[in-house]
Protein chains: 2
Amino acid sequence: MDTNKMNTKQALNLLKQNGYKYTGKREDMIHFFDKENRYRTAKDLLHHMEPNYKGISVDTIYRNLHLFHSLGILESTDLNGEKHFRMKCDHHHHHHFICKNCGETKEIHHCPMDKIVQELDSYEVEDHKFEIYGFCPACK
Amino acid sequence: MDTNKMNTKQALNLLKQNGYKYTGKREDMIHFFDKENRYRTAKDLLHHMEPNYKGISVDTIYRNLHLFHSLGILESTDLNGEKHFRMKCDHHHHHHFICKNCGETKEIHHCPMDKIVQELDSYEVEDHKFEIYGFCPACK
DNA sequence: TTATAGATAAGATACTGTCTCATCTAATGG
DNA sequence: CCATTAGATGAGACAGTATCTTATCTATAA
């Protein structure tokens with residue numbers, strides 16, 4: 001097993017613990033991300049939901065994506081100016097290889113930050129992003 | 001001297017070599033980026049141009065940004081879903097610390113990719129992004 | 001000076017994402 | 001089980017970034 005990401009049950013618990021309601025839509029949304037190690041967009045999620053929830057509002061998609069992100073259920077990154085989301089990996093710090101075609105991710109167990117802090121002692125480091133892009137074995 | 005980035009003269013030569021015209025607007029746009037080691041947005045550039053070029057079209061801004069980028073005059077990155085541009089650094093491969101407040105950049109002379117290729121031999125690696133975010137000495 | 005390839009302005013258009021507000025519903029306590 | 005209500009949703013307007021189309025303009029070279 002490569003990953004140890006959040007699962008549907010933990011996610012629904014987080015909702016409950018924070019006073020948010022457990023709706024069928026939310027369960028399906030979380031399932032959608034739980035299934036795969038893959039970054040997906042709001043549009044991907046909308047297309048997944050539409051057949052089962054006729055007339056679902058785009059705003060419901062965005063509101064829940066943000067809620068899930070703020071609760072630590074999802075993590076996100078910008079790819080080509082569009083926000084992409086995936087189930088949060090909840091163990092040790094790591095980075096991702098991201099397939100440009102299907103969004104599949106693979107963990108990279110190496111972070112260069114340790115060696116760099118000394119170069120930046122007059123700066124205030126808040127965050128960093130290290131991502132590798134290309135094509136996964138299935139897409140290449 | 002920390003950087004060895006492209007300068008205005010080289011940029012204008014690139015335009016000429018590729019059959020593009022040398023206009024006052026383009027010279028000012030390139031000057032705008034040449035002055036600083038800093039990522040700026042299309043809107044930043046538009047605001048810089050407007051006082052001197054009343055009624056300048058936003059499309060002129062975008063078209064020239066893309067032209068400059070395709071000619072290798074500018075490099076770009078997505079920050080908060082918005083494209084940011086800076087003068088291209090034309091020497092050895094490196095990454096940047098980016099100030100979240102003013103866009104100032106500082107070169108990071110360490111790239112982790114060498115050690116990672118072996119982890120990805122069944123993947124096709126095309127590109128990577130390594131950026132550090134925080135506040136520069138002037139902004140922190 | 002003229003011809004023309006490239007540049008520009010203007011405004012329409014597309015796309016991602018957010019806001020407001022009225023309505024609806026899951027969860028809770030009685 | 002029902003009533004209450006905080007939270008959830010749908011609808012559509014709206015905002016911001018970016019692109020496209022078309023007519024007009026201009027830098028450049030012959």
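Me: How many residue pairs are in polar contact between chain B and chain A, both at pLDDT 80 or more?
Reply: This is a predicted model, in which local features need pLDDT of at least 70 and side-chain atom pairs count only at pLDDT 80 or more, while totals for chains, interfaces and linings use all residues. A polar contact is a pair of N or O atoms within 3.5 Å; within protein, one must be able to donate a hydrogen and the other to accept it, and residues adjacent in sequence count only if both atoms are side-chain atoms. Between chain B and chain A, the count with both residues at pLDDT 80 or more is 14.

Me: Which element gives the largest share of the side of chain B that touches chain A?
Reply: Strands here are DSSP runs (E, at least two residues), numbered from the N terminus. β5 (105–108) and β6 (124–135) of chain B each supply at least two residues of that side. The largest share, twelve residues, comes from β6(B).

Me: In which sense do strand β6 of chain A and β6(B) pair?
Reply: Pairing requires that DSSP finds at least two bridges between two strands. Lys129(A) stands opposite Glu131(B) in β6(B). Over eleven bridges, β6 (residues 124–135) of chain A and β6(B) pair in a sense that is antiparallel.

Me: Which residue of chain A forms a salt bridge with Lys100(B)?
Reply: A salt bridge puts a side-chain nitrogen of Lys or Arg within 4 Å of a carboxyl oxygen of Asp or Glu, and side-chain values use heavy atoms, with hydrogens and water left out. The count between chain B and chain A is two. With the closest N and O atoms 2.8 Å apart, the partner of Lys100(B) is Glu126(A).

Methods. Residues numbered from 1 in each chain as written. Chains lettered and ligands numbered in written order. Helix = DSSP H or I, 4+ residues; strand = E, 2+ residues; numbered from the N terminus.
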